[in-house]
Amino acid sequence: MGKYAETLSEVGVGGRYLLIFVTLGTQKFQMNRLMKAVDELAQEMDEEIIIQSGNSTYKPEHCTAQAFMSSEEYKNKIESCSLLITHAGVGTIITGLNAHKPVIVVPRLASMNEHVDDHQIQIAEAFSSKK
């Protein structure tokens, strides 16, 4: 089992979830780092993984990616998923929590050219401190 599958096993993934929905938002920046990690994970899992990839350029081989989707389709994916993995977009985090979904947040990093600054780290930390 690879390092990503081990990490997700800690939150209950591996035979329990039917659909993992990964959303990278509509930022003009790529988030290839997360797409590659999820693609690697998909090799080791039976669950369906769908990525809303935004402007990322990485093409996954082991899961389904779609750059953008309608708000209706997006809402349906969140409602039907068993696990939501997202960048640290406040709206997506709140939507996932309101839908009672387990949410894994991966902040965009300026050092990886995923955003202009590291404000998403602060957002992720703020949500992680809420109980």
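The protein contains 5 helices and 5 strands, where helices (H or I, at least four residues) and strands (E, at least two) are DSSP runs numbered from the N terminus. Along the sequence these elements follow the pattern α-β-α-β-β-α-β-α-β-α. The model is predicted: local features need pLDDT of at least 70, side-chain atom pairs count only at pLDDT 80 or more, and totals for chains, interfaces and linings use all residues. Residues are numbered from 1 along each chain as its sequence is written, and side-chain values use heavy atoms, with hydrogens and water left out.

Of the 131 residues, 44% count as buried, that is, under 20% relative accessible area with a 1.4 Å probe and protein chains only. Contacts (heavy atoms within 4.5 Å) reach across the chain: among those with a separation of 6 or more, 56% join residues 24 or more positions apart.

Two strands count as paired if DSSP finds at least two bridges between them. β4 pairs in the parallel sense with strand β1 (residues 19–23) over 4 bridges, and Ile-20 stands opposite Leu-83. β4 also pairs in the parallel sense with strand β5 (residues 103–105), over 3 bridges; here Ile-85 stands opposite Ile-104.

The buried residues of α4 are Thr-92, Ile-93 and Gly-96. They lie on the same side of α4 because they cover an arc of only 100° around the axis, taken from the directions from the helix axis to the C-beta atoms. These residues pack against β1, α3 (71–80), β4, β5 and α5 (119–128). After α4 comes His-100, whose phi is positive, near 60°.

The interior can also be described through its nonpolar cores, which are sets of buried Ala, Val, Leu, Ile, Met, Phe, Trp, Tyr and Cys residues joined through side-chain atoms within 4.5 Å. The largest has 16 residues, and Val-22, Leu-34, Ile-49 and Ile-51 have the most contacts inside it. β1, α2 (32–42), β2 (48–52) and β4 each supply at least two residues of this core, the largest share, 5 residues, coming from α2. Apart from it lies another core of 8 residues, including Phe-21, Met-69, Ile-78 and Cys-81.

Technical notes:
Buried means under 20% relative accessible area, exposed over 50%, partly exposed in between (1.4 Å probe, protein chains only).
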